[in-house]
Amino acid sequence: MITEHDGSSLATRITNRMTPAVIRAVRARAEATGGCLQPVHLTGYRTITDTTGRILDHTAGTVYAPCGNRRETVCPACSDRYAADAFHLIRAGMTGGKTIPETVADKPRLFVTLTAPSFGAVHGRRTTRTGRRIPCTCGEHHHEADPRVGTALDPEHYDYPGAVLWQGHAGELWHAFTVRLRREIATAAGIRAGDFADHARLSYAKVAEYQRRGLIHFHAVIRLDGPEGSHDPAPTWADNALMEHAVRAAVENTRVTRTLTIDGVTGEHVFRWGGQVDVRPIRPAHATEPDDGQITDRALAGYIAKYATKGTSTGEVPDRPIRSERAIDALDVHPHHRRMITTAWTLGANDGLAYLRKWAHMLGFRGHFLTKSQRYSITFTAIRGDRRTHQHLATLDSTGATPDTVLVVNHWKYTGNGYGHHEDREIAEAIYEGKRLQRKEKLVA
């Protein structure tokens, strides 16, 4: 039984607050924020007046807004909302919708996975080509949930500095890859690299995901458009075969070279992709021909959206930045990942690498977990703006007004976040879980 500092059990404290009035208030708050567990408190007022100055609605006091945190470990409700928005953003770029034409589904499209190189032997679950399980190099058979999978076989000889430095440059490596890919596509099409923008536009969306060894790999949807973007037909010479050839060539030839000074020693460091590269054509969900290892756009949108939140919720990394070296010792993480965090903190003491301390809790990775090219699809801002507009119009409709006939004045300031009582958070969490189960039942039905 969990006991609070005053001697009462958590169950008793929750029971004492399970009055109808409290439950109604907490339920209203949870529903207003979609079940957010860390609601933002905004104190102030909102006034809606008509053209004559007559007050149609006045709200004052403290209201609650969703925290918007993408981490499932921090707020499952907001993480769910982010995943839903990511799904629509990704899917619109593959199948159309939300201002994107449906003709994008007929363009060359690939699903590409790029990985990090090896920095030393790690524990793994190995199988033969026939699917027979064989022991790990350590001699044991690891089960799926074994925390040793992906961690260093010999920590003393594993290249932790190399792994962390690669992680810190992964974003730059992706940018260099997209530049090289345009060049490889131009070469395959028989046009000058400098003229590529006159013939085609490379559009993409990618998500980052942590592997068990603590290193990022990227999943990306890559599409080839005409010069003007999604509304412009792809050039006639473009197809998936040409694109796949260009992607593999770009992966092989992409390099990021940096001169770094570490512990007083200056040297050149070259960063490249790992040898495991997966390239799969994307076919329309309604396609009837054999898939030949392809993946449908409908399935892929959900897959990528899941990883958009999984990347920020992995158990390998803490939820918040590291403030001191002493704080690392208190982290509840595997020794392998603690070693990566410690390495990032240590490397961050060098000039030019200070950012590694800021991102030590992310094992050195400092990029965004979901990014897209400008013309790939709509934006998160547009999706959230549509949601705010819908809510605004619903509020006006309840007063019998329209946007053209009223003046809305908002004056709010931040005054805190979260719940004042732990019991209220437990109640809100139960309410959210109920909503989540209802959604799952609807999907199954």
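Modeller: Strands β8 (residues 256-262) and β9 (residues 265-271) pair in the antiparallel sense over seven bridges. Strands here are DSSP runs of E, at least two residues, numbered from the N terminus, and two strands pair if DSSP finds at least two bridges between them. This is a predicted model, where local features need pLDDT of at least 70, side-chain atom pairs count only at pLDDT 80 or more, and totals for chains, interfaces and linings use all residues. Residues are numbered from 1 along each chain as its sequence is written, and side-chain values use heavy atoms, with hydrogens and water left out.

Biologist: Which residue stands opposite Thr259?

Modeller: Glu268 in β9 does. In the β8-β9 hairpin, with two residues between the strands, Asp263 takes a positive phi near 55°.

Biologist: New topic: in what order do the strands of the open sheet come?

Modeller: The three strands run β2-β1-β13, with antiparallel pairing. β2 (55-65) and β13 (406-417) are at the edges with a single partner strand each, so one side of each has no neighbour in the sheet.

Biologist: And how many bridges join β1 to β13?

Modeller: 11 bridges, with β1 covering residues 40-50. Thr47 sits opposite Val409 of β13.

Biologist: Now Arg213: where is it found?

Modeller: Arg213 lies in the loop between β6 (201-210) and β7 (216-225). The side chain of Arg213 reaches the backbone oxygen of Ala116 at 2.7 Å.

Conventions. Helices (H or I, at least four residues) and strands (E, at least two) are DSSP runs, numbered from the N terminus. A polar contact is a pair of N or O atoms within 3.5 Å; within protein, one must be able to donate a hydrogen and the other to accept it, and residues adjacent in sequence count only if both atoms are side-chain atoms.
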